[in-house]
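Hi,

Here is the structure I promised to pass on, with a few notes below on what turned up. Please have a look at it first and then read on.

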Amino acid sequence: LYQENRDIVNWLDKDGRTVRQVACKECREVTLFMGRYELEELPKYESPTCKIYNAVDLLGGGNKQEENSAEPRLVVMKFIAKEEHFVNEMKTRRNNNDGSPRFSTEFVTPDLDSYRTDQDEQYAGGRRAW
């Protein structure tokens, strides 16, 4: 049903709660990208090579190595169409020797994590479903 009408998560019950707020954990996860990210419906930015969405990480935490926190947080998700463009962006953003950020977070939004469809089945499944 959700795949046919994504707006269903915004429907309200008699107490003013959304479907997502009252759904069981398993049902709620189906409506989230990768079971954790609530993406805005339309991209914030779109080009021939990528789409950028504002999102909420409902599990909190940062990347796969960090512990998840209970606090949701705002994130930005960038979907890059071609592997070559993704690899070039990661080379630009990260130091070759240790993978640390090359730019100050004062000026450039840091990348907290990255996923590839050929290396992460959960991400690949999320992309197919989305």
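This is a predicted model: local features need pLDDT of at least 70, side-chain atom pairs count only at pLDDT 80 or more; totals for chains, interfaces and linings use all residues.

Leu 39 has Ala 55 in strand 3 as its bridge partner. Strand 1 (residues 37–39) pairs with strand 3 (residues 50–57) in the antiparallel sense, over three bridges.

Strand 2 (residues 45–46) runs antiparallel to strand 3 and is joined to it by two bridges; for Glu 46, the bridge partner in strand 3 is Lys 51. Three residues lie between strand 2 and strand 3, and the two strands form a hairpin. Strand 4 (residues 73–80) also pairs with strand 3, again in the antiparallel sense, over eight bridges. Here Ile 52 has Lys 78 in strand 4 as its bridge partner.

The largest pocket has a volume of about 910 Å³. It is lined by 32 residues, and those closest to its centre are Met 77, Lys 78, Phe 79, Asp 113 and Ser 114. Which elements give two or more residues to this lining? They are strand 3, strand 4, helix 3 (83–93) and helix 4 (121–129). Strand 4 supplies the largest share, with eight residues. Sorted by class, the lining of the largest pocket holds 15 nonpolar, 13 charged and four polar residues.

Lys 78 is a handy residue to start from on your screen: it is the bridge partner of Ile 52, and it is also among the residues closest to the centre of the largest pocket.

Best wishes

Notes: Residues are numbered from 1 along each chain as its sequence is written. Side-chain values use heavy atoms; hydrogens and water are left out. Two strands pair if DSSP finds at least two bridges between them. Helices (H or I, at least four residues) and strands (E, at least two) are DSSP runs, numbered from the N terminus. On a 1 Å grid over the protein atoms alone, a cavity is a set of points where a 1.4 Å probe fits but cannot get out, and a pocket is an open set with protein on both sides within 12 Å along at least five of seven lines; lining residues have an atom within 4 Å of a point. Grid points are joined across faces, edges and corners, and a volume is the space filled by probe spheres set on the points. Ala, Val, Leu, Ile, Met, Phe, Trp, Tyr, Cys and Pro count as nonpolar, Asp, Glu, Lys and Arg as charged, and the others, Gly among them, as polar.
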